[in-house]
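Please keep the sequence and the structure in view while reading.

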Amino acid sequence: MTQASPLPPAIHFDNVTLGYDRHPAVHHLEGTIRQGSLLAVLGPNGGGKSTLLKGISGAIKPLDGQIHLTQPVAYLPQSAEIDRSFPINVFDLVAMGLIPSRGLMGRVSRKDNERVTQALAKVGLVGFEERAIGTLSGGQMQRALFARLILQDAPIFLLDEPLTAVDEKTAADLIGLLRDWHQQGRTIITVLHDLALIRREFPESLLLARDVIAWGASDAVLTETNLQRARHMAEAHDPFAAACERAA
Amino acid sequence: MSAYDILITPFADYGFMRRALVGIVALAFGAGPIGVFLTLRRMSLVGDAMAHAILPGAALGYLVGGLSLGFMTAGGLLAGFIVALLAGALSRISVLREDASLASFYLISLAGGVVMLSVKGSNLDLLHVLFGSVLGLDNATLFLLVTASSVSLLTLALIFRPLVLECVDPEFLRSVHGHGGRVHLIFLALLTLNLVSGFQALGTLLAVGLMMLPAVAARFFSRQIGPMMTIATVIGLLSGVIGLLISYHVGLPTGPAIILTAGLILLGSVLFGPQDGILTSRLPRPHLES
């Protein structure tokens, strides 16, 4: 779990249980993510990956335990949670990344507009400023959300399945951005499914199937035994489950 | 009959027509943008529910203070805010979705209002509350209409960014701002304010019409939220002016004439609107090179 690393902690989980309607999606999570980590979160559907990211981002509150953040986070939600039928354009979507620095009602200066343009250029969306978000492809939408992260400029980035429905070229570009951010010293936590990609690009992994199956160096986590164990997690809630009595 | 006689004379000759015009302009400016947000948030029927919710409050105000603008407005606002707050709170702390809790509370509010009136034994004439009196707007009512729409526009400008964000990406809003959820309540308060001021002119039920019909029509003119709100306001203004004139020349009841005009404009927009109109989108158009 906690590595023998000199780097200070970015996020500490103190016996954290996250979930809905008393059913835990993440159960008694304990451990520390160090600053500058490049961590892949993987596991079966319903294993608690998205719930964990929502918990860290503050979108949901833990049922139990505490999440200690030492730095601000920026969060890229799953694209399915974004209402793309809403009539706003790419520029405005990306400019939302200015909110942490400018506030919900703050004035956006000409310099801020330039930052938006630069972020769009960085993700390869020059010329898309005026396009309605509803007309973007899956890959273009992810590029726009990456541009929003760039503007948020937080030390910790949380990304929920950023490479879903994305073609190879886009995936390669976006992974390049993740690599850059990692080199800048940011803490990157990404939900992913592609094992080969995780082995290649992510030094650390967290295998989550409601309980932590394994957490540490990716090679040690992504073993056949661990993956088998994760696969056996029951997907359905047991409606008659007894109250958990693990020490709080 | 010249165009001047048809379009200008009624307003030049009669004070009540000029007052009606001012009232309608105020309503269109306040209600149009709110209506656009309602349609975009798939809450088109919430306006109607809220109109029912404020009805008993207004009627109770009438019962206590007679045909007093202050009492009826206060009663309507109070009933609307209470229903909106309770519905919002219940959907957050229980498994009920907001539409279910809103439907429950407005029905309870409506029934409660009717019971209170019957216990009082009053033979209350609800016609005024139901259908308004756009041709009988006095100074105080005009002042209320203009104030409500100014407050509404200014508040909407202030909360515009978080409100859009709440519609597009609520998880993101919560991650960048802990109190983002409150913007929804402020929006419901603005909705109530517009409906309460609208019932003075058009009545509770038709006030929703001037809010929703132009907003729905605006979708057929633009895919951008800013232009949509402007277009909805312009359609509201046009419906108001044309409706007033039809009502004057043909002798139709004013509120329904205004709403039917808005309905006709909506029909035209659905068919011929430049953005996805049913007939316009079937016109053969060459596709572009890239």
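## Terms and basis

Two strands are taken to pair if DSSP finds at least two bridges between them, and helices (H or I, at least four residues) and strands (E, at least two) are DSSP runs numbered from the N terminus. The model is predicted, so that local features need pLDDT of at least 70 and side-chain atom pairs count only at pLDDT 80 or more, while totals for chains, interfaces and linings use all residues. Residues are numbered from 1 along each chain as its sequence is written, chains are lettered from A and ligands numbered from 1 in the order in which they are written, and side-chain values use heavy atoms, with hydrogens and water left out.

## The sheet

The open sheet of three strands has the order E2-E1-E4 (chain A), with antiparallel pairing, and its edge strands, each pairing on one side only, are E2 (23–34) and E4 (64–69) of chain A.

## The two domains

An automatic or database domain assignment supplies the bounds, dividing chain A into domain 1 (1–71 + 156–161 + 185–248) and domain 2 (76–154). The C-alpha centres of domain 1 and domain 2 of chain A lie 28 Å apart.

Two salt bridges are counted between domain 1 and domain 2 of chain A, the term requiring a side-chain nitrogen of Lys or Arg within 4 Å of a carboxyl oxygen of Asp or Glu. Glu81(A) forms a salt bridge with Lys54(A), with the closest N and O atoms 3.0 Å apart.
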